[in-house]
Amino acid sequence: MWTDTHTHLYLGQFDEDRSQVVERALAAGVSSMYLPNVDSRTIDSMLSLEREFPDQVFAMMGLHPCSVKDNYREELKVVESWLGRRDFCAIGEIGTDMHWDKTRLEEQKEAFLTQVRWAKELGKPVVIHCRESVDITLELLQAEKGPQLRGIFHCFTGTPEQARAVMDLGFLMGIGGVLNFKNSGLDKVLESVPLEYLVLETDSPYLAPVPYRGKRNESAYIPLVGARLSDLKGISMEELARITTENAKSLFGHPTK
Ligand code: NI
């Protein structure tokens with residue numbers, strides 16, 4: 001049984017065939033799918049997908065760094081009010097992004113730290129986005145380090161030193177389609193990362209693995225990433241599926257929805 005720890009199946013790219021996409025994932029052995037939120041506009045469709053598949057699909061709550069705009073304090077109020085209303089498996093996805101907009105770093109940091117502190121108070125893991133900002137994000141988290149602070153560096157593609165820093169924080173790395181790209185170099189980095197620090201993800205609809213690179217990604221493609229990682233680690237697909245699913249389950253726990 002596989003787990004997709006990061007999939008945006010509620011987005012518009014799946015409006016035409018959302019239920020079939022989930023059914024295809026289940027048929028491919030992907031039995032759990034975790035949905036990171038983006039902002040106030042994505043909550044309704046995310047929660048309705050969770051209601052449709054309550055035993056397989058689990059929602060997170062959070063404000064994505066790319067949605068940190070002028071109204072980010074109001075957006076944070078929406079997140080806060082949802083966190084007070086029901087249980088979520090994690091706070092996500094949150095973090096920083098220096099790829100799309102470098103002018104919002106201070107606001108992004110504030111939004112990130114606010115949400116990290118909520119997660120610590122609630123005892124929930126965080127799911128982190130840090131595109132072209134891994135070191136900034138690591139530094140922010142190191143100052144918040146503690147037994148309550150845990151989570152995933154989503155779409156990890158960093159250096160061996162960054163992998164070491166992630167492990168020192170007690171965080172996991174989310175591994176997706178980039179592992180299957182030629183010359184990503186991620187395979188070399190992961191050689192020195194024990195399996196207990198790894199979970200699988202698609203980041204659907206983005207970052208489809210080979211042979212679907214450039215097309216819409218979906219959770220059913222998790223075994224393609226799993227095949228590459230099991231090769232790299234020299235263990236069977238079954239064993240890899242079991243370990244990475246266990247890692248995800250022990251991080252996310254069982255939210256009472
Ligand atoms: Ni994402």
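Q: Does His8 count as buried or exposed?
A: This is a predicted model, so to speak of local features takes pLDDT of at least 70, side-chain atom pairs count only at pLDDT 80 or more, and totals for chains, interfaces and linings use all residues. Residues are numbered from 1 along each chain as its sequence is written, and side-chain values use heavy atoms, leaving out hydrogens and water. Buried means under 20% relative accessible area, exposed means over 50%, and partly exposed is in between (1.4 Å probe, protein chains only). His8 has 3% relative accessibility, so the label is buried.

Q: Which residues are the protein donors of the nickel ion?
A: Donors here are N, O and S atoms within 2.8 Å of the metal (3.2 Å for Na, K and Ca), and since water is not among the atoms, sites may look incomplete. In sequence, the donor residues follow the spacing H-x1-H-x84-E. Lying 1.9 to 2.2 Å from the ion, they are His6 (NE2), His8 (NE2) and Glu93 (OE).

Q: What is the relative accessible area of His6?
A: His6 gives the nickel ion its NE2 atom. His6 is buried, and its relative accessible area is 0%.

Q: In what order do the three strands of the open sheet run?
A: Helices (H or I, at least four residues) and strands (E, at least two) are DSSP runs numbered from the N terminus, and two strands pair if DSSP finds at least two bridges between them. The pairing is parallel, and the order is β1-β2-β3.

Q: At what angle does helix α2 run to β3?
A: Axes are lines fitted to C-alpha atoms (for helices, over the stretch in contact), and angles between N-to-C directions run from 0 to 180 degrees. Helix α2 (residues 43–52) lies across β2 and β3, and its angle to β3 is about 145°.

Q: Which residue in β7 is the bridge partner of Phe153?
A: β6 (residues 151–153) pairs with β7 in the parallel sense over two bridges. β7 (residues 172–175) is covered on both faces, with Leu172 and Gly174 buried on one side, and Met173 and Ile175 on the other. The partner of Phe153 is Met173.

Q: Which residue in β8 does Met173 stand opposite?
A: β7 and β8 (residues 198–200) run parallel and are joined by three bridges. Met173 faces Leu198.

Q: How many residues are in the largest nonpolar core?
A: A nonpolar core is a set of buried Ala, Val, Leu, Ile, Met, Phe, Trp, Tyr and Cys residues joined through side-chain atoms within 4.5 Å. Among the members that touch the most others are Phe153, Met173, Ile175 and Phe252. The residue count of this core is 84.

Q: What is the relative accessible area of Gln115?
A: Gln115 is found in helix α4 (residues 105–122). Contact means heavy atoms within 4.5 Å; leaving aside neighbours within four places in sequence, Gln115 is in contact with residues including Leu63, Leu76 and Ile91. Gln115 is buried, with a relative accessible area of 1%.
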